[in-house]
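Here is a short report on one protein model.

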Amino acid sequence: HATLERITSPKSDHRRSVEFTYYLQYHLHMQLSMASRYAESKRVVLKGDLPIGVDKRSVDVWCEPHLFRQNKSTGAPPDAFSPTGQNWGFPTYNWEEMSKDNYKWWRRRLQNMSQYFHAYRIDHILGFFRIWEIPGDCVTGLLGHFRPCVPIWKHELDCRGLWDLARLTQPYVRTHILQEVFGPSMWEEVAAKYFLEQGDGVYHFRPQFTTEQSIADIEIRPNSPQWLIEEIEHTKAGLIHCMQNVCLLVDDEDPNRFYPRRQDDLWRRSVLRRLAVLMVSAEMLVCGGVLGFVPGCVPPVWQEIKASREPFKPFKLPFELPYQFLNICESKCKCRSVTTSMQRCLIPLLHRYESDPEMRDRFFYNALSGDGPAPVQCSPEVMSAVALQHTRSPSVWTVIPMQDIMALSARYHDRPAAEECINDPTNPKHYWRFRLHKKIEDLIADKDLLKTVQELLILGERASPQELPKL
């Protein structure tokens, strides 16, 4: 509070910028409140987003640092999307500290959201079961482990004759590995520059290169030729690969603890405490976004939560299905699901269809019952067929992003599909930002597009002709 008073005092150098921030936030609040009331008057539901993480430089972390583990990062384990995992850079939550006041920070957050939204999506709801926690000096997500997690203790390893902890917990680097990673012409130079040889072909990283971050920070001289830039980047990638060649992950808060990867019972107990508080904090419908492999403890928890309140919850499709967002629900789940043509992180069908030929062909034949070669572009005919499948699904809600709505008309196919993506979670430099390439006023004036959307609502029995405005 003393720091805040000093920064906001009339004599402070920061006074003008603070006043502008006050002004900006006030008018954003007023505008969003007006938009919410207007949407409600038009029977439109606004759905907010509850991100799984907050930035390390955010006001939340600055004001209440004890609620966050700032020397850790949030991310996702290796999967089909990224073999080295994902590192989102957010601090993980200190759930133990948050529980002391019954998760007041979360309750306050939801109550504030309820001023504007009628529903909200919990981003990466699996993170409330267990979060992939990564050391703060890592740049990838590979060397993380799930938290909470019951550790394997050192004495348990000792009892089984596993006494060589250095072999299990330190990067395993040998001559043949360096030769394989860096090639016959480079490995000796790399070994001499970045490693110390311990004898018998055993190598340890030099002290200045013992973390992923220190390797990623290796500088490239300005105006270096392209071949040298590529060589150094290849070397850095190889060094990080060697850094990740370990068997056990050590808890940096207690060297006697080591971690396995999954523990369903522990995750179930921890999430029930947290979600129970969130779901009664505000009068909004709840939707949970799923990212990655779904542990076996998740569906039973959803059922237990349903017993006390009726939230909206998504259902993860089995991986082998050809298209992830068709009718994903059995009839008994009709009132508890949302179908969407978006992939995780708001990647529209338009982009996935045109960027993945294998998925496109499989989807065209299996999901759309296509005959002949699959169209290379996501034509209006393809998009209309997909949208109709969504509106006809038994789900209570169907969500189609604006990019896919615009794909219903050939006149809006003048931008590369890759530019329609809002976020790429595997790329930490690709931030959440997106702007439509057409004006809203032009879309509202497009009677043909509006007529197409109305026909989809009528054919999908989500609206009657009498309920829709005349064009």
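The second largest cavity is lined by Ile52, Thr74, Pro91, Thr92, Tyr93, Trp95, Gly127 and Ile131. Its volume is about 50 Å³. The model is a predicted one. Two cavities of 30 Å³ or more are counted in it.

Ile131 belongs to the cavity lining, and strand β7 covers residues 131-135. Four of the five residues of β7 are buried, so the rest of the structure largely encloses this strand. β7 pairs with strand β3 (residues 72-76) in the antiparallel sense, over four bridges. Within that pairing, Gly75 has Trp132 of β7 as its bridge partner. Strand β8 (residues 145-147) also runs antiparallel to β7, joined by three bridges.

**The open sheet**

Three strands make up an open sheet, in the order β9-β14-β13, with antiparallel pairing. Which strands stand at the edges? They are β9 (152-153) and β13 (249-250); each has a single partner strand, so one side of each lacks a neighbour in the sheet. β13 is joined to β14 (residues 257-259) by two bridges. Val250 sits opposite Phe258 of β14.

The loop between α12 (226-243) and β13 holds Gln244. Is this residue, Gln244, buried or exposed? Gln244 counts as buried, because its relative accessibility is 11% and the cut-off for buried is under 20%. Beyond its neighbours within four places in sequence, Gln244 contacts Thr84, Thr140, Leu142, Leu143 and Glu212.

**The main nonpolar core**

The largest nonpolar core holds 29 residues. Trp106, Tyr120 and Phe128 have the most contacts inside it. Five elements supply at least two core residues each: α4 (95-98), α5 (104-113), β6 (119-122), α6 (126-129) and α13 (264-279). The top contributor is α13, with five residues.

Take Tyr120 in more detail. Leaving out neighbours within four places in sequence, its contacts include Lys47, Gly48, Leu50, Leu110 and Met113. Further along the chain, Tyr120 also touches Leu278, Met279, Met284, Leu285, Val286 and Cys287.

Cys287 lies in strand β15 (residues 285-288). Cys287 is buried, with a relative accessible area of 6%. How many residues separate Cys287 and Ile122 in sequence? They are 165 residues apart in sequence, while their C-alpha atoms are 6.0 Å apart in space.

Helix α16 spans residues 357-366, and Met359, Arg360, Phe363 and Phe364 are buried in it. These four cover an arc of only 125° around the axis, which places them on the same side of α16. An α-helix has 3.6 residues a turn, so residues three or four places apart point the same way. The buried residues of α16 pack against α15 (349-355) and α17 (380-391).

His351 is part of helix α15. His351 is buried too, at 18% relative accessible area. Setting aside residues up to four places away in sequence, His351 touches Ala417, Ala418 and Cys421.

| Residue | Location | Relative accessible area |
|---|---|---|
| Cys287 | strand β15 | 6% |
| Gln244 | loop between α12 and β13 | 11% |
| His351 | helix α15 | 18% |

**The second largest pocket**

About 1800 Å³ of space lies in the second largest pocket. It is lined by 31 residues, and those closest to its centre are Arg43, Val44, Val45, Val453 and Leu457. Which elements give two or more residues to this lining? They are α2 (15-41), β17 (397-399), α18 (402-406), α19 (440-445) and α20 (447-459). Helix α20 provides the largest share of the lining, six residues.

Methods:
Residues are numbered from 1 along each chain as its sequence is written. This is a predicted model: local features need pLDDT of at least 70, side-chain atom pairs count only at pLDDT 80 or more; totals for chains, interfaces and linings use all residues. Side-chain values use heavy atoms; hydrogens and water are left out. Two strands pair if DSSP finds at least two bridges between them. Buried means under 20% relative accessible area, exposed over 50%, partly exposed in between (1.4 Å probe, protein chains only). The arc is that of the directions from the helix axis to the C-beta atoms. Contact means heavy atoms within 4.5 Å. A nonpolar core is a set of buried Ala, Val, Leu, Ile, Met, Phe, Trp, Tyr and Cys residues joined through side-chain atoms within 4.5 Å. On a 1 Å grid over the protein atoms alone, a cavity is a set of points where a 1.4 Å probe fits but cannot get out, and a pocket is an open set with protein on both sides within 12 Å along at least five of seven lines; lining residues have an atom within 4 Å of a point. Grid points are joined across faces, edges and corners, and a volume is the space filled by probe spheres set on the points.
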